[in-house]
Amino acid sequence: MRHGQPVREKSTKNKTAPVKGGKAAPAKSPTASPRSKAPTTANGAATNANKTRQRILDVATQEFSAKGYDGARIDDIMRLSKVSKNLIYHYFGSKEKLFIAVLEQAYQGMHKHQMTWPLDVSSPVDGIRKLVRSTFKYWRDSPEFIGLLNSENFHKGKHLRKSKLTKAGYGGLLGNIANLLKEGEKSGDFRSGVDPVELYISISALAYHYLSNRYTLSYLLDRKLSTEGEMKARIVHIEDLTLGYLQYGAAARKGLSRKAS
């Protein structure tokens, strides 16, 4: 059945409305023309679309994190998001592209957190301690991301390689770490020749492994590793390990430089 074309409203321009006494009064102009309302309607539709897309991403994050890429189902994401399957495919195209979008959102959140790492530190040693705390805090507060990474590493990072956004945030972080290491080397607090990438991997791994495996380790080692006290002790341990490596041999070289001067 064909639908007829929408009926256009008759223009009231230059028309008058009759009033009592036989005189005509100018018709009142409308408060807002259809054209002036259009942007508001368009913006409202765009806002609703963004909210729907974000709701799908949030649900998909939970599903992929809990069940992995292989275990998560579009039907479950559809049901929990309260949208149609067609709408999910309209926004993301496929299950794989939805997973890539979830990874991109997770990495963007991590990079945003990394850039809050304070650079106004009192010393290079203070800077490293704050870097350790910031890194541990991120992994502790991001259990979904740990689940996503476990799944993606199982797939050997093949989905990340199809994204152009996930690597973008590391340059600033590694640059800040490199500057901190240079300051520490210059002040004699740190050894020379430390690779910023290797250092970041070590700090991240010491936090990530503890948090991703704390349930099995708690049982096997008879330790309640999820308590606040245990986590604080872990942070101090990572700080001490990291600084012990960075300061190894630095004091001796600092003494030699003083004698030479």
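Start by selecting Leu221, which is exposed because its relative accessibility is 55%; exposed means over 50% relative accessible area, buried under 20% and partly exposed in between, with a 1.4 Å probe and protein chains only. Leu221 sits in helix H9, residues 214-221. Helices here are DSSP runs of H or I with at least four residues, strands are runs of E with at least two, and both are numbered from the N terminus.

The model is predicted: local features need pLDDT of at least 70, side-chain atom pairs count only at pLDDT 80 or more, and totals for chains, interfaces and linings use all residues. Residues are numbered from 1 along each chain as its sequence is written, and side-chain values use heavy atoms, leaving out hydrogens and water.

Next, show the whole chain. Eleven helices and two strands make up its secondary structure. Of its 261 residues, 34% are buried.

Now select Glu63 and Lys67. Their side chains form a salt bridge at 2.7 Å, N to O; the term means a side-chain nitrogen of Lys or Arg within 4 Å of a carboxyl oxygen of Asp or Glu. The two residues are about one helical turn apart because they lie four residues apart in helix H1, residues 34-71. Glu63 is buried at 9% relative accessibility, whereas Lys67 is partly exposed at 39%. Lys67 also has a salt bridge with Asp76, with the closest N and O atoms 3.5 Å apart.

Move to Glu239 and Arg129, a salt bridge whose closest N and O atoms are 2.5 Å apart. This pair links distant parts of the chain, 110 residues apart: Glu239 is in helix H10 (residues 228-247) and Arg129 in helix H5. Glu239 is buried, at 4% relative accessible area.

Finish with Lys164, in the loop between H6 and helix H7 (170-187). Lys164 is exposed, with 81% relative accessible area. Its C-alpha atom is 8.8 Å from that of Glu104, which is 60 residues away along the chain.
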